[in-house]
Amino acid sequence: MHRLIEHFETYLPLNTAEKQLVEARAILRKIKRRQMILQEGFVCKHYAFVVEGCFRMYGVDNKGIEHNIQFAAESDWIADIGSFHSGKPSQLFIEAIEPSVILQIEKQDLYFLYLSIPKLDRIFKVIIENKYVELQNRVLQNISSTAQERYLNFLDQYPTLSPRLPNTQIASYLGITPEFLSKIRKDLTVK
(Lines give C-alpha, C1' and ligand atoms only; values in the text may rest on other atoms or scores of the structure.)
Protein backbone atom coordinates (compact mmCIF):
# COMPACT_ATOMS: atom_id res chain seq x y z
CA MET A 1 0.00 0.00 0.00
CA HIS A 2 2.87 2.38 0.69
CA ARG A 3 3.71 2.56 -3.04
CA LEU A 4 0.19 3.71 -3.87
CA ILE A 5 0.26 6.32 -1.09
CA GLU A 6 3.70 7.51 -2.22
CA HIS A 7 2.35 7.75 -5.78
CA PHE A 8 -0.59 9.91 -4.69
CA GLU A 9 1.69 12.07 -2.59
CA THR A 10 3.83 12.94 -5.62
CA TYR A 11 0.78 15.05 -6.53
CA LEU A 12 -0.63 16.18 -3.15
CA PRO A 13 0.06 15.13 0.46
CA LEU A 14 -2.48 12.95 2.27
CA ASN A 15 -3.13 13.05 6.00
CA THR A 16 -3.35 9.90 8.13
CA ALA A 17 -7.15 9.59 7.89
CA GLU A 18 -7.04 9.98 4.10
CA LYS A 19 -4.32 7.33 3.82
CA GLN A 20 -6.45 4.94 5.90
CA LEU A 21 -9.47 5.52 3.65
CA VAL A 22 -7.39 4.73 0.55
CA GLU A 23 -5.91 1.61 2.17
CA ALA A 24 -9.40 0.38 3.12
CA ARG A 25 -10.66 0.70 -0.48
CA ALA A 26 -7.72 -0.74 -2.45
CA ILE A 27 -7.53 -4.50 -3.02
CA LEU A 28 -4.13 -6.20 -3.32
CA ARG A 29 -3.92 -8.96 -5.97
CA LYS A 30 -1.10 -11.17 -7.18
CA ILE A 31 -1.31 -11.84 -10.90
CA LYS A 32 0.41 -14.64 -12.81
CA ARG A 33 2.22 -14.12 -16.10
CA ARG A 34 -0.28 -14.11 -19.01
CA GLN A 35 -3.24 -13.79 -16.61
CA MET A 36 -5.95 -11.41 -17.77
CA ILE A 37 -7.39 -8.73 -15.52
CA LEU A 38 -9.79 -7.64 -18.29
CA GLN A 39 -11.14 -9.50 -21.30
CA GLU A 40 -13.01 -8.24 -24.33
CA GLY A 41 -16.76 -8.38 -23.76
CA PHE A 42 -16.54 -7.74 -20.01
CA VAL A 43 -17.02 -4.41 -18.25
CA CYS A 44 -13.88 -2.89 -16.73
CA LYS A 45 -14.72 -2.62 -13.02
CA HIS A 46 -11.35 -1.55 -11.60
CA TYR A 47 -8.54 0.90 -11.96
CA ALA A 48 -5.35 -1.10 -11.43
CA PHE A 49 -2.19 0.40 -9.94
CA VAL A 50 0.90 -1.67 -10.72
CA VAL A 51 3.02 -2.31 -7.63
CA GLU A 52 5.29 -4.88 -9.30
CA GLY A 53 5.38 -6.31 -12.79
CA CYS A 54 4.16 -5.24 -16.19
CA PHE A 55 0.89 -5.27 -18.14
CA ARG A 56 -0.23 -4.63 -21.67
CA MET A 57 -3.58 -3.42 -22.93
CA TYR A 58 -4.44 -4.58 -26.43
CA GLY A 59 -7.20 -5.07 -28.93
CA VAL A 60 -7.64 -7.80 -31.52
CA ASP A 61 -8.69 -6.89 -35.07
CA ASN A 62 -11.03 -8.93 -37.29
CA LYS A 63 -8.02 -10.83 -38.70
CA GLY A 64 -7.04 -11.97 -35.19
CA ILE A 65 -3.99 -9.68 -35.00
CA GLU A 66 -3.22 -8.17 -31.59
CA HIS A 67 -2.48 -4.44 -31.34
CA ASN A 68 -0.85 -3.20 -28.14
CA ILE A 69 -2.25 0.13 -27.02
CA GLN A 70 -0.54 0.68 -23.68
CA PHE A 71 2.01 -0.79 -21.30
CA ALA A 72 1.96 -0.24 -17.56
CA ALA A 73 4.78 -1.12 -15.19
CA GLU A 74 5.60 -0.18 -11.61
CA SER A 75 3.82 2.95 -10.31
CA ASP A 76 1.55 3.25 -13.33
CA TRP A 77 -2.18 2.79 -13.83
CA ILE A 78 -4.04 0.64 -16.33
CA ALA A 79 -7.75 0.39 -17.10
CA ASP A 80 -10.15 0.62 -20.01
CA ILE A 81 -11.37 4.03 -18.92
CA GLY A 82 -14.20 4.09 -21.47
CA SER A 83 -15.65 0.79 -20.27
CA PHE A 84 -15.03 1.70 -16.62
CA HIS A 85 -17.03 4.93 -16.79
CA SER A 86 -19.73 3.90 -19.30
CA GLY A 87 -20.38 0.44 -17.90
CA LYS A 88 -20.28 -0.92 -21.46
CA PRO A 89 -18.38 -4.10 -22.39
CA SER A 90 -14.75 -3.54 -23.24
CA GLN A 91 -13.24 -4.14 -26.66
CA LEU A 92 -9.83 -4.59 -25.02
CA PHE A 93 -7.79 -7.07 -23.05
CA ILE A 94 -5.41 -6.32 -20.17
CA GLU A 95 -2.82 -9.06 -19.62
CA ALA A 96 0.15 -9.49 -17.29
CA ILE A 97 3.38 -9.76 -19.26
CA GLU A 98 5.23 -10.94 -16.16
CA PRO A 99 4.21 -12.02 -12.64
CA SER A 100 2.74 -8.91 -11.05
CA VAL A 101 1.22 -7.35 -7.96
CA ILE A 102 -1.52 -4.77 -8.35
CA LEU A 103 -3.81 -2.69 -6.21
CA GLN A 104 -7.32 -2.44 -7.63
CA ILE A 105 -9.93 0.16 -6.81
CA GLU A 106 -13.52 -0.59 -7.82
CA LYS A 107 -15.73 2.08 -9.34
CA GLN A 108 -17.97 2.60 -6.29
CA ASP A 109 -14.90 2.74 -4.03
CA LEU A 110 -13.20 5.25 -6.30
CA TYR A 111 -16.30 7.48 -6.29
CA PHE A 112 -16.48 7.15 -2.50
CA LEU A 113 -12.84 8.24 -2.28
CA TYR A 114 -13.50 11.21 -4.59
CA LEU A 115 -16.25 12.41 -2.24
CA SER A 116 -14.35 11.64 0.96
CA ILE A 117 -10.98 13.01 -0.21
CA PRO A 118 -11.58 15.88 -2.65
CA LYS A 119 -7.86 16.18 -3.40
CA LEU A 120 -7.93 12.58 -4.68
CA ASP A 121 -10.47 13.69 -7.29
CA ARG A 122 -7.92 16.30 -8.39
CA ILE A 123 -5.08 13.75 -8.38
CA PHE A 124 -7.02 11.38 -10.66
CA LYS A 125 -7.94 14.27 -12.92
CA VAL A 126 -4.24 15.02 -13.41
CA ILE A 127 -3.40 11.31 -13.90
CA ILE A 128 -6.09 10.95 -16.58
CA GLU A 129 -5.09 14.23 -18.24
CA ASN A 130 -1.50 12.96 -18.45
CA LYS A 131 -2.69 9.68 -20.00
CA TYR A 132 -4.76 11.66 -22.51
CA VAL A 133 -1.71 13.72 -23.50
CA GLU A 134 0.26 10.47 -23.97
CA LEU A 135 -2.53 9.15 -26.20
CA GLN A 136 -2.61 12.36 -28.27
CA ASN A 137 1.16 12.21 -28.73
CA ARG A 138 0.96 8.57 -29.73
CA VAL A 139 -1.74 9.22 -32.35
CA LEU A 140 0.30 12.10 -33.77
CA GLN A 141 3.43 9.94 -33.89
CA ASN A 142 1.56 7.12 -35.64
CA ILE A 143 0.38 9.41 -38.43
CA SER A 144 3.48 11.58 -38.84
CA SER A 145 6.58 9.67 -37.68
CA THR A 146 8.73 6.97 -39.20
CA ALA A 147 8.92 3.56 -37.55
CA GLN A 148 12.41 4.43 -36.29
CA GLU A 149 11.13 7.68 -34.74
CA ARG A 150 8.24 5.79 -33.11
CA TYR A 151 10.72 3.27 -31.68
CA LEU A 152 12.92 6.05 -30.28
CA ASN A 153 9.83 7.67 -28.75
CA PHE A 154 8.87 4.30 -27.24
CA LEU A 155 12.32 4.06 -25.63
CA ASP A 156 11.89 7.60 -24.31
CA GLN A 157 8.39 6.95 -22.93
CA TYR A 158 9.16 3.49 -21.49
CA PRO A 159 12.92 3.59 -20.74
CA THR A 160 12.95 0.55 -18.44
CA LEU A 161 10.57 -1.65 -20.44
CA SER A 162 12.53 -2.38 -23.59
CA PRO A 163 14.72 -5.08 -21.99
CA ARG A 164 11.65 -6.60 -20.27
CA LEU A 165 9.49 -6.96 -23.38
CA PRO A 166 9.82 -9.38 -26.28
CA ASN A 167 10.26 -7.84 -29.73
CA THR A 168 6.78 -9.04 -30.68
CA GLN A 169 5.17 -6.89 -27.97
CA ILE A 170 7.15 -3.76 -28.85
CA ALA A 171 6.56 -4.28 -32.58
CA SER A 172 2.81 -4.64 -31.98
CA TYR A 173 2.81 -1.35 -30.06
CA LEU A 174 4.71 0.37 -32.87
CA GLY A 175 2.54 -1.11 -35.63
CA ILE A 176 5.42 -2.91 -37.35
CA THR A 177 6.66 -6.49 -37.71
CA PRO A 178 9.18 -7.95 -35.25
CA GLU A 179 11.59 -8.40 -38.17
CA PHE A 180 11.40 -4.70 -39.05
CA LEU A 181 11.96 -3.81 -35.39
CA SER A 182 15.11 -5.97 -35.43
CA LYS A 183 16.31 -4.08 -38.51
CA ILE A 184 15.65 -0.72 -36.80
CA ARG A 185 17.60 -1.82 -33.73
CA LYS A 186 20.46 -3.06 -35.90
CA ASP A 187 20.54 0.22 -37.86
CA LEU A 188 20.63 2.24 -34.63
CA THR A 189 23.58 0.26 -33.23
CA VAL A 190 25.54 0.73 -36.46
CA LYS A 191 25.18 4.54 -36.35
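**Reading helix contacts and strand pairing**

Me: Which residues in α7 meet which residues in α8?

Reply: Asn-167, Thr-168, Ile-170, Ala-171 and Leu-174 in α7 meet Pro-178, Leu-181, Ser-182 and Arg-185 in α8. Contact means heavy atoms within 4.5 Å. The contact residues divide into five nonpolar, three polar and one charged. Here Ala, Val, Leu, Ile, Met, Phe, Trp, Tyr, Cys and Pro count as nonpolar, Asp, Glu, Lys and Arg as charged, and the others, Gly among them, as polar. This is a predicted model: local features need pLDDT of at least 70, side-chain atom pairs count only at pLDDT 80 or more, and totals for chains, interfaces and linings use all residues. Residues are numbered from 1 along each chain as its sequence is written, and side-chain values use heavy atoms, without hydrogens and water.

Me: At what angle do the axes of α7 and α8 cross?

Reply: Two packed helices are described by the angle and the distance between their axes. Helix α7 (residues 167–174) and helix α8 (residues 178–190) have axes that come within 8 Å and cross at roughly 95°. That makes α7 roughly perpendicular to α8 (65 to 115 degrees). Axes are lines fitted to C-alpha atoms, for helices over the stretch in contact; angles run from 0 to 180 degrees between N-to-C directions.

Me: How many bridges join β4 to β5?

Reply: Strands of a sheet pair through backbone hydrogen bonds. Pairing needs at least two DSSP bridges. Strands (E, at least two residues) and helices (H or I, at least four) are DSSP runs, numbered from the N terminus. β4 and β5 (residues 66–72) pair antiparallel over six bridges. In β5, His-67 is the bridge partner of Gly-59.

Me: Which residue of β7 stands opposite Met-57?

Reply: Ile-94 does. Four bridges join β4 to β7 (residues 93–96), and the strands run antiparallel.

Methods. Angles under 35 degrees count as roughly parallel, over 145 as roughly antiparallel, 65 to 115 as roughly perpendicular and the rest as oblique.
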